[in-house]
Amino acid sequence: MRPSDLPEVRDLRLFSTMSDANFASMMQAAYLQTFPNQLDLITEGDPADFLYVVIEGCVELYANSNGRSATMGMVRPVGTFILAAVLKDAVYLMSARTCDKSKILLIPAENVRTAFENDAAFARAIIVELASCYRGVVKEHKSLKLRSAVERLANRLLRYHEDQGATGSLELPHDKRRLASMLAMTPENLSRAFNTLKPYGVEVDGGTIHLKDVPSLTNLAKPNPLIDDRAT
């Protein structure tokens, strides 16, 4: 890594409380690299050689089995992925590829494990990160189990709407194929779900979605903080 890159990385929540000595040791063989769009980063089943931290851009986590493929999640700045596999010295359970031009920090897994053993502040930060990831997975699982496809889409649109300033319209942050996969739907089911939402003021114009009746859509979606609040 270039010395000029270190302050940007040092300020990340995961590393900000580490001692200077342990941070410097962990970063000795790390590197910050910019990757082009649609580049495969890791493959499920391979050993976890690095911890990845998304600094800029977006990374899709996905999995394959029996001829099927599913998007498991999207990682945006500043987010880590494959942290659990790194700590357990295990194989990747998911594959990852860039969705945009992305700047990603790669830290050797062995260095991360050594810092975890030697730096109590870093260990606490990792535990908080893993706890946040676990709670996120539980919330996603609850949404899949307790909501219909239309309700999942309605809540996701309300989330995107709020994230983008609640102006009455939003841009889908992913293409519709990825959105369908994230919501455990086929593209055809996603199209039908959008049609079902038309009476609730949802108008689709390519990747732009207009919400003409947010109260009606909210009444249908029934957002639940124990599922939809990403801050807790």
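**Loops, a helix pair and cysteines in a predicted model**

Lys222 is exposed, with a relative accessible area of 58%. This residue belongs to a predicted model, and its place is in the loop between α9 (214-221) and α10 (225-228). Although Lys222 is not a glycine, its phi is positive, at about 50 degrees. Ala184 is another non-glycine residue with a positive phi, here near 60 degrees. Ala184 lies in the loop between α7 (176-182) and α8 (187-196), and at 51% relative accessibility it counts as exposed. A further loop, between β5 (68-75) and β6 (79-81), holds Val78. Here the backbone feature to look for is a cis peptide bond, which joins Pro77 and Val78 with an omega of about -15 degrees.

From the loops, we can turn to a pair of helices. Two packed helices are described by the angle between their axes and the distance between the axes. For helix α4 (residues 109-118) and helix α5 (residues 120-146), the axes come within 6 Å and cross at roughly 110 degrees. An angle of 65 to 115 degrees counts as roughly perpendicular, and α4 and α5 are therefore roughly perpendicular to each other. On the α4 side, the contact is made by Val112, Ala115, Phe116 and Asn118, while α5 contributes Ala120, Phe122, Ala123 and Ile126. Sorted by class, the residues in this contact of α4 with α5 are seven nonpolar, one polar and no charged.

How many disulfides does a search of the whole structure find? The count is zero. For Cys99, the nearest cysteine sulfur is that of Cys58, 4.3 Å away, and Cys99 is in no disulfide. A disulfide requires two cysteine sulfur atoms within 2.5 Å. Cys99 counts as buried because its relative accessibility is 11%, where buried means under 20%. The sulfur of Cys133 is 15 Å from the closest cysteine sulfur, in Cys58, and this is too far for a bond. With a relative accessibility of 40%, Cys133 counts as partly exposed.

Conventions
Residues are numbered from 1 along each chain as its sequence is written. This is a predicted model: local features need pLDDT of at least 70, side-chain atom pairs count only at pLDDT 80 or more; totals for chains, interfaces and linings use all residues. Side-chain values use heavy atoms; hydrogens and water are left out. Axes are lines fitted to C-alpha atoms, for helices over the stretch in contact, and angles run from 0 to 180 degrees between N-to-C directions. Helices (H or I, at least four residues) and strands (E, at least two) are DSSP runs, numbered from the N terminus. Angles under 35 degrees count as roughly parallel, over 145 as roughly antiparallel, 65 to 115 as roughly perpendicular and the rest as oblique. Contact means heavy atoms within 4.5 Å. Ala, Val, Leu, Ile, Met, Phe, Trp, Tyr, Cys and Pro count as nonpolar, Asp, Glu, Lys and Arg as charged, and the others, Gly among them, as polar. Buried means under 20% relative accessible area, exposed over 50%, partly exposed in between (1.4 Å probe, protein chains only).
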